[in-house]
Amino acid sequence: MFKKLSLELGGKNPVLIFDDCDYDKMLETTIRSSFSNQGEICLCGSRIFVHKNIYDKFKNDFVERTKVLRLGDPSDEKTQQGAIVSEMHYKKILSYIDLAKEEGGQILCGGKSAIDFTSSNKRCKDGWFIYPTIIENLPYGCRTNQEEIFGPVVCALPFDDADEVLRRANETPYGLAAGLWTRDLATAHRFAAKLRAGTIWINTWGDTDAASPFGGYKQSGHGREMGKEAIDLYSEVKSVWLRAD
């Protein structure tokens, strides 16, 4: 007999930023949604679509804020960017940065290992640190924009047409999560209905309920079934938590 389970799932999550957004809140949150836990969260936004009217401003502000993220010893509570989980994954992330360059991407910041930090820090000298990286000018369909990197690497892409950006946002093998920034309620409802993602945040990121089915569409699809079995599973889990308390 198989035990009940819900699978951890991959993603290549889009963040869609319209020019009517709450800019300051969006910028602060997009830093978090891009680089929290060194980007090693399956719900992190890794493809950032920004309306052309605010793209240049966003790019400059986003790069400036990213450059000052504090890279450091994970045991230091002031650290904002710690180590990659393993040497194998560290090498994988760096290989994707090299691939992005081959695909025509321009590195706006980061794009390299933090050897200068590790060489000067005794406790972290054997750690796997990579500077948070922002890339632009990549074609939509390239591997860097299609494959899950699972690290501190995001791609910035300007857009003009709403229909096109919706199509591009859905144009990956994954459909785990998506973010949307707009003050327009009609736009929010329209995109929430048409984005093929299991979790869609509007003007926020990371607000989830651990006691609910987790998954999405396509290669992110297993685990989000909302039938009786999912209700039974998560009801049982919640009841265990209540008894434990």
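Start inside: select Leu16, Phe49, Ile93, Ile130, Phe191 and Leu195, the residues with the most contacts inside the largest nonpolar core, which has 29 residues. A nonpolar core here is a set of buried Ala, Val, Leu, Ile, Met, Phe, Trp, Tyr and Cys residues joined through side-chain atoms within 4.5 Å. Buried means under 20% relative accessible area, exposed over 50%, and partly exposed in between (1.4 Å probe, protein chains only).

Helices (H or I, at least four residues) and strands (E, at least two) are DSSP runs, numbered from the N terminus. Apart from this core lies another one of 22 residues, among them Cys21, Ile48, Val50 and Phe58.

A word on what you're looking at: this is a predicted model, where local features need pLDDT of at least 70 and side-chain atom pairs count only at pLDDT 80 or more, while totals for chains, interfaces and linings use all residues. Residues are numbered from 1 along each chain as its sequence is written, and side-chain values use heavy atoms, with hydrogens and water left out.

Next, select strand 4 (residues 133-136). Which way do its side chains point? Thr133 and Ile135 go one way, Ile134 and Glu136 the other, and all are buried. Strand 4 pairs with strand 3 (residues 106-109) in the antiparallel sense over three bridges; two strands pair if DSSP finds at least two bridges between them. Click Ile107 and you'll find its bridge partner, Ile135. Strand 5 (residues 153-159) runs parallel to strand 4, joined by four bridges, and there Ile134 has Val154 as bridge partner.

Two backbone stops remain. Asn203 sits in the loop between strand 8 (199-202) and strand 9 (217-218), with phi near 60 degrees, a positive value in a residue other than glycine. Asn203 counts as partly exposed, at 23% relative accessibility. In strand 9, pick Lys218: its phi is near 55 degrees, also positive, and it is partly exposed at 41%.

Finally, zoom out: the chain has eight helices and nine strands, and 49% of its 245 residues count as buried.
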